Amino acid sequence: MDRDSLVAPLSAPNESTNGDAPEARPPRRPFSWTWLGVAPFFLFAILFLFLPSISIFIRSFEKLGGGFTFQNIIDIFNKSDIRSAYAMSLKVSAVTALGGAFFGFLLAYAVCLGGLPRWARTFLLSFSGVASNFAGVPLAFAFVATLGNAGLVTRIIEAVLHTDIHAQGFSIYNFWGLSIVYMYFQFPLMVLIMAPALDGLRREWREACENLGGTGYHFWRYVALPILLPTLLGTAILLFGNAFGAYATAYAFTGSFLNLVTIVIGAQIQGDVLYNPGLGNAMALGMIFIMSITMLGYAWLQRRASRWTR
Amino acid sequence: MKRFPVFSWLWLFLGLFYFFIPLFSTIEFSLRMLKGRYTLEAYRVAFQDPRFYTSFGYSLLWAVITMAISLLLVVPTAYWVQLRLPKLRPYVEFITLMPFVVPAVVLIFGLIRLYGRPPLVLTTTPAALIVGYVVLSLPYMYRSVDAGLRAVDIRTLTEAAQSLGANWLTIIKDVILPNLRVALLSGMFLTFAIVMGEFTFASLLSWPAFGPYIEEIGSMRAYTPQAVSVMSFAVTWLSIAGIQWLGRGGASGVQTAGAR
């Protein structure tokens, strides 16, 4: 949008330099107070969203005791515990995003186009709405009750197969365990977003494809997938960001067993565990950076996807 | 004759298993406090703890304040943008999506570093907590209200009211708000669900709330945390059910909440 329109009342049109008739000039509008209506909102955003972000940005380049430095940014890549925290966060996010996207897509396909009765769809979408909101501390405890040492599934396996999976070296307090927990809120989100996209595949497109002699394979390869691809990828990216910023679930589930970026930042807030406030800021900045890329990718893919959903 | 959709059913059942097994396990686990039989002992213990009530009460308080501030910020803005400043829409939308870019733990990090020292100290009051919650609620509140505003022709309604001589108070109170009732309630329910289960902000700012309370008893007791988790889940579930009930007939699915 053009910024000029915001300040239009202030910058009055140029006084007649080209000799136009006076009537041709737009009348000078009185100063408009319209913007006051949205001022509180923007003030709030500046104070509590932009200033904190900018402060993180500036302090990322602050030396211990003051002064400018790039060392904090360099340290993110050099210090092995910080690098491994990023690696672990990226890994969990990538795995649960891909897994959630795959499983969620199959589920959404099953209830939208898979020939299941109507109630299955309503039912699944309702529960996806609930499950995608079921995260944080209660979710962690739910999985402790499911797959933990005395969990229901653990005991069922023990009763049926006579093996204690935890004695066999299985544990949920590791990378795969956390991924299983994250999947609980990841794939329902995929279902929620994919279902409307799949509904958007028009019957005419399939019929057109069939009239031209195309098979189901042709329809999916040349019509449906290209149309759905932006939505698919976009949602996978969204799931990635969803997992990357997660803190409560991981904290309650693993305590400090798993070295995730969010966990390290949380510890840094509670006490300067990195012994360098600037480094903490740099880690936070790294998260904002990765999340920004994620969301830009999502926004771009969304725009592409919306081409077909008019 | 149509084939029986084997794989569709298979995926559906797998999905529903994933949904229900942890829920069922949590409920089953919460009933197992006394050896050898199912009792509500864990719930009795949970209800005996006075801190259960105080933390729940605090979360209720935070939720009510957050809903009020979020409404006050979002409704006039969304209305005004729709009516007078449509050019600002992309900026407002961008801001409401910021919480997706700045994760809760990073936002709280920034807030503590910025408002933990003069000139403006907020971290010693619940203000920082409420601010965080309002930010979390922005995407859901705005989308909900904006969808509500688009669904009715707000400009015509406003102009009709004006031409009948209504003042702004009357327009807002008797024309706009009644039309937005469902949208506002959805946004409020979602905000309520988010705040009631929130952990990150309250824990890192050290304010009493339900989320940190559950986490804390998790490290002290067995079985009761699961009982409280079931109750927390019920709160979320009721909020979402409320939204779906309000939005019945509409095409909208329930949006997902933040605060992981």
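This is a predicted model: local features need pLDDT of at least 70, side-chain atom pairs count only at pLDDT 80 or more; totals for chains, interfaces and linings use all residues.
Student: How many helices and strands does chain A have?
Tutor: Helices (H or I, at least four residues) and strands (E, at least two) are DSSP runs, numbered from the N terminus. From that end the elements of chain A run α-α-α-α-α-α-α-α-α-α-α-α-α. The count is 13 helices and zero strands.

Student: What share of the residues of chain A counts as buried?
Tutor: Buried means under 20% relative accessible area, exposed over 50%, partly exposed in between (1.4 Å probe, protein chains only). Chain A has 310 residues. The buried share is 49%.

Student: Among contacts in chain A between residues at least 6 apart in sequence, what share joins residues at least 24 apart?
Tutor: A contact means heavy atoms within 4.5 Å. Among the contacts in question, the share is 70%.

Student: How far apart are the end C-alpha atoms of H2(A)?
Tutor: The expected span is 1.5 Å times one less than the number of residues. H2(A) has 21 residues, so it should span 30 Å. The model agrees, with the ends at 28 Å.

Student: Where is the kink in H2(A) centred?
Tutor: The bend at a residue is the angle between axes fitted to the seven residues ending there and the seven starting there. In H2(A) the kink is about 35°.

Student: Which helices do the buried residues of H2(A) pack against?
Tutor: The buried residues of H2(A) include A:Phe41, A:Phe48, A:Pro52 and A:Arg59. Their partners lie in chain A and chain B. They are H3 (71–78) and H13 (277–305) of chain A, with H3 (50–83), H4 (89–101), H5 (104–115) and H6 (127–151) of chain B.

Student: Which residues form the nonpolar patch on the surface?
Tutor: A patch takes residues with over 30% relative accessible area and no salt bridge; like charges are joined within 9 Å, nonpolar side chains (Val, Leu, Ile, Met, Phe, Trp, Tyr) within 5 Å. A:Leu51, in helix H2 (residues 39–59) of chain A, is partly exposed at 35%. By Shrake-Rupley with a 1.4 Å probe, only the protein chains shown counting as cover for residues, the patch has about 440 Å² of accessible area together. Its members are A:Ile46, A:Leu51, A:Ile54, A:Phe57 and A:Ile58.

Student: Is A:Thr231 buried or exposed, and which residues does it touch?
Tutor: A:Thr231 is in helix H10 of chain A. At 16% relative accessibility, A:Thr231 counts as buried. Leaving out residues up to four places away in sequence, it touches A:Ile193, A:Met194, A:Ala197 and A:Ala305.

Student: Where is the kink in H1(B)?
Tutor: Helix H1 (residues 6–30) of chain B has 25 residues and should span 36 Å; its end C-alpha atoms are 36 Å apart, which agrees. The kink is about 30° and comes shortly before the proline B:Pro22. It lies at B:Phe20.

Student: How many residues apart are B:Arg150 and B:Glu93?
Tutor: A salt bridge is a side-chain nitrogen of Lys or Arg within 4 Å of a carboxyl oxygen of Asp or Glu. B:Arg150 and B:Glu93 form one, with their closest N and O atoms 3.9 Å apart. The pair links distant parts of the chain, helix H6 and helix H4 of chain B, at a separation of 57 residues.

Student: Which residues are linked in a network of salt bridges?
Tutor: B:Glu93 also meets B:Arg89 in a salt bridge (3.9 Å, N to O). Those two are four residues apart in helix H4 of chain B, so about one helical turn separates them. B:Arg89 is buried at 17%, whereas B:Glu93 is partly exposed at 30%. The network links B:Arg89, B:Glu93, B:Asp146 and B:Arg150.

Definitions and conventions:
Residues are numbered from 1 along each chain as its sequence is written. Chains are lettered from A and ligands numbered from 1 in the order in which they are written. Side-chain values use heavy atoms; hydrogens and water are left out.
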